[in-house]
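Trainee: I would like to go through this structure with you, one element at a time.
Mentor: Go ahead and ask.

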Amino acid sequence: MDQISLFDIIAIPEDIKKEYDKLVESLNYHAKRYYDEDEPEISDYEYDMQNNRLKEIEKEYSSIIREDSPSLRVGWKASKGKTVKHDVPMLSLQDVFSRQEVDEFVNSTIEQLGEGTEFLVETKIDGLSMALRYENGILTTAVTRGDGITEGEDVTANAVEIEDVVKKLNTPVEYLEIRGEVYMTRKAFADVNEKAITKGEKTFANPRNCAAGTLRQLDTSITRDRGLSLFIFNVQATRGIEFKTHSAGYEFLKNNGVKTIDMYFKCKTSDEVWEAIQKIGDARGELPYDIDGAVVKINSIADRDRLGTTIKFPRWAVAYKYPPEEKETVLLEVEVNTGRTGRVTPVAIFEPINLCGTSVSRATLNNQDFIDDLGVGIGDTIVVYKSGEIIPKIKSVNKDKRPSNWTPYKMPMICPMCGHELVREEDAANIMCVNPMCPAVIVNSILNFVSRDSLNIKGFGYELVKALVDGGFVKDFADIFSLKEKRDELIEKKVLGLAKNTDKLLDSIEATKATATAENVLTGLGVPNVGKATSRELLKHFGSINKVAEASVEELVEVGDIGLISAQSIYNFFQEEQNKQLLANLEMAGLCFTSNNVKVGSSLDGMTFVITGTLPSMTRDEAVKIIESNGGKVSGSVSKKTTYLLEGADAGSKATKARTLGVAIISAAELLSMVEA
């Protein structure tokens, strides 16, 4: 390591290191949710803000960059089906967020290429990128972006079910590869979710997720039914034909029945470019589909080749991301709801407004402290915006339009569901219903118990759970597993629908007993401060749910990452008689209470491992289990804090970095000898 790099490492403040590591972990986690699972947990805007902060840190402290940093990744590794090698990289675009950044791109490009350089400004569709390959005019292959460089997923079977995908061109050119965005119109998306609600199935969060999930699944009939759409936005490669400009490529494609981006402007100055961006932004609400920005690109293909690309982005284009759209409306009332934990949340109901193409009339007010800071009352004119084009939020109050009879809003201190007196948590903003038999608490707790991250019992939805609770069929989690004894009554009263639907749900409940792990059960209990990760750590330490329930506060604090407050909450939960009875009933129902990832030794305590390559005698998951069950930790990247690199065949850059840093490298056999010693 050279002297400058060493200085950079020493100079990095500890709080910056912690912030950076947290950003890398967060961005990688949310990228996986977005690309692999099509179920993002945060908006694009929130992701972009985290990513911008990561880039700021990496720019200031270059030596801090981890090999798993999102800044070094173009896309996401294809993971669901047959893969196809990319002939042309499917790179991403450099995001910009201000006029200054747009002007800098345009003016620096003109400086390099000369006056008269022509730009195209066009809509950036919010969907899933896909390339189509034609040989002699016939569609042969459709491939997703995947990792953007090496390979993507073969989605040809689903692509041909999309109406906008042309199977045969009018002009039989030798070879043509074009790239576009698969998306859903808002109407098609609404229809899909409406059908899901009717069937009691899970709905999609937004059109992009639905389009991505549809294109990448195996049943082509689903693709046909969901009505996906496609816009083509680039010619990737050709043989037998050549285009001098991007717009000429568009004209050729249109003449061959291919649907290209339908809103774009030709510009030659930064002022013209910005005006075009504003025009597209103003039209967002009128378009029948979602856009998440405007793309500014050079029209000349020769100029594009001259500028080239970086490892991640073309130098001839940028994507301008619009700030959250906001509008004024009038607060009509505040609806108060009780959730799973008993927390009572106020929700603003206001005159409907159109934001990003959808009608919005509700937004959370979080808690009384948020309301007080906002200074809001019934009748106020409020400014509402959509965070990341998805989640409505209240930004501020226009006090100049305040009504004469205005009074500040105060939350009621009576539970809207059960009438029990509410209590404000000590040293916190939350207002709670402490009645354990509150119907809202029961319904939302059961929804959490059957959710994907917990027991994952398919077929449950809010209306169904509410009907079961209101009908007296379910009073707690354990009652779910005795529903089969009430089958005839459920069918007679049509609580779950007809006999077929009833039996389907009851079979799903029974199947859960064989597949649910102790971690699933502990997560589903809704213990305060205990999610999936904490459940795993608790069970690794104690071995079973019963041992966790019997643990003292002092014993709980011994578990990594559990502080005194969390330990006290966990202890208090398991001391309540109704929760003791609930555990007994769940165990009697046949659910798994013993973890298969118990800590069996301490030979690896305090050690951090990184695994790379293909191990000869065990799978990677088995290696992780061996390490963690003997007190060690597994990390995704090599650093000076890494104790050992566990190396298998075809090891890559991690092995190189480990040798550079002087990290000890061991084999699978050596790992086994360490835990058996």
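Trainee: Which elements cover the buried residues of α21?
Mentor: This is a predicted model. The buried residues of α21 are Ser-566, Ala-567, Ser-569, Ile-570, Phe-573 and Phe-574. What covers them includes α17 (518-524), α18 (532-542), α19 (545-550), α20 (553-557) and α22 (577-588).

Trainee: Within what arc do the buried residues of α21 fall, seen down its axis?
Mentor: An α-helix has 3.6 residues a turn, so residues three or four places apart point the same way. In α21, the buried set includes Ser-566, Ile-570 and Phe-573. The buried residues line one face of the helix, because they fall within an arc of 160°.

Trainee: Which exposed residues does the face of α21 turned away from its buried side carry?
Mentor: Exposed here means over 50% relative accessible area. On the face of α21 turned away from the buried side, the residues that pass are Leu-564 and Ile-565.

Trainee: How far apart are the end C-alpha atoms of helix α21?
Mentor: Helix α21 has 12 residues, 564-575, and at 1.5 Å a residue it should span 16 Å. The model agrees with that expectation, as the end C-alpha atoms are apart by 16 Å.

Trainee: Which strands stand at the edges of the open sheet of four strands?
Mentor: The order in the sheet is β5-β4-β7-β8, with antiparallel pairing. An edge strand has a single partner, so one side of it is left without a neighbour in the sheet. The strands in that position are β5 (138-144) and β8 (229-239).

Trainee: Which helix packs on the sheet and touches β4, β5 and β7?
Mentor: From one strand of this sheet to the next, the twist averages 25°. The helix that touches β4, β5 and β7 (175-183) runs in a direction that makes about 40° with that of β4. Another helix, α9 (residues 246-255), touches β7 and β8, and its direction makes about 110° with that of β8. The helix you asked for covers residues 207-215 and is α7.

Trainee: How many bridges join β4 to β7?
Mentor: Strand β4 (residues 128-135) pairs with β5 in the antiparallel sense over six bridges, and Met-130 stands opposite Thr-144 there. With β7 the sense is also antiparallel, and Arg-133 stands opposite Glu-177. The number of bridges between β4 and β7 is eight.

Trainee: Which residue in the turn between β4 and β5 has a positive phi?
Mentor: β4 and β5 form a hairpin with two residues between them. The phi in question is about 55°, and the residue is Asn-136.

Trainee: Is β4 mostly covered or mostly uncovered, and how many of its residues are buried?
Mentor: Buried means under 20% relative accessible area. β4 has eight residues and is mostly covered, with a buried count of seven.

Trainee: Where do the buried residues of α24 lie around its axis?
Mentor: In helix α24 (residues 653-661) the buried residues are Lys-654, Ala-655 and Ala-658. They are on the same side of α24, because they cover an arc of only 100°.

Trainee: What is the radius of gyration of the protein?
Mentor: The protein has 25 helices and 22 strands. For 677 residues the globule rule gives 26 Å, and the model comes close to that, so it is as compact as a globular protein of that length. The radius of gyration is 28 Å.

Conventions. Residues are numbered from 1 along each chain as its sequence is written. This is a predicted model: local features need pLDDT of at least 70, side-chain atom pairs count only at pLDDT 80 or more; totals for chains, interfaces and linings use all residues. Side-chain values use heavy atoms; hydrogens and water are left out. The expected span of a helix is 1.5 Å times one less than its number of residues. Buried means under 20% relative accessible area, exposed over 50%, partly exposed in between (1.4 Å probe, protein chains only). The arc is that of the directions from the helix axis to the C-beta atoms. Contact means heavy atoms within 4.5 Å. Two strands pair if DSSP finds at least two bridges between them. Axes are lines fitted to C-alpha atoms, for helices over the stretch in contact, and angles run from 0 to 180 degrees between N-to-C directions. The radius of gyration is taken over C-alpha atoms; the globule rule is 2.2 Å times the number of residues to the power 0.38.
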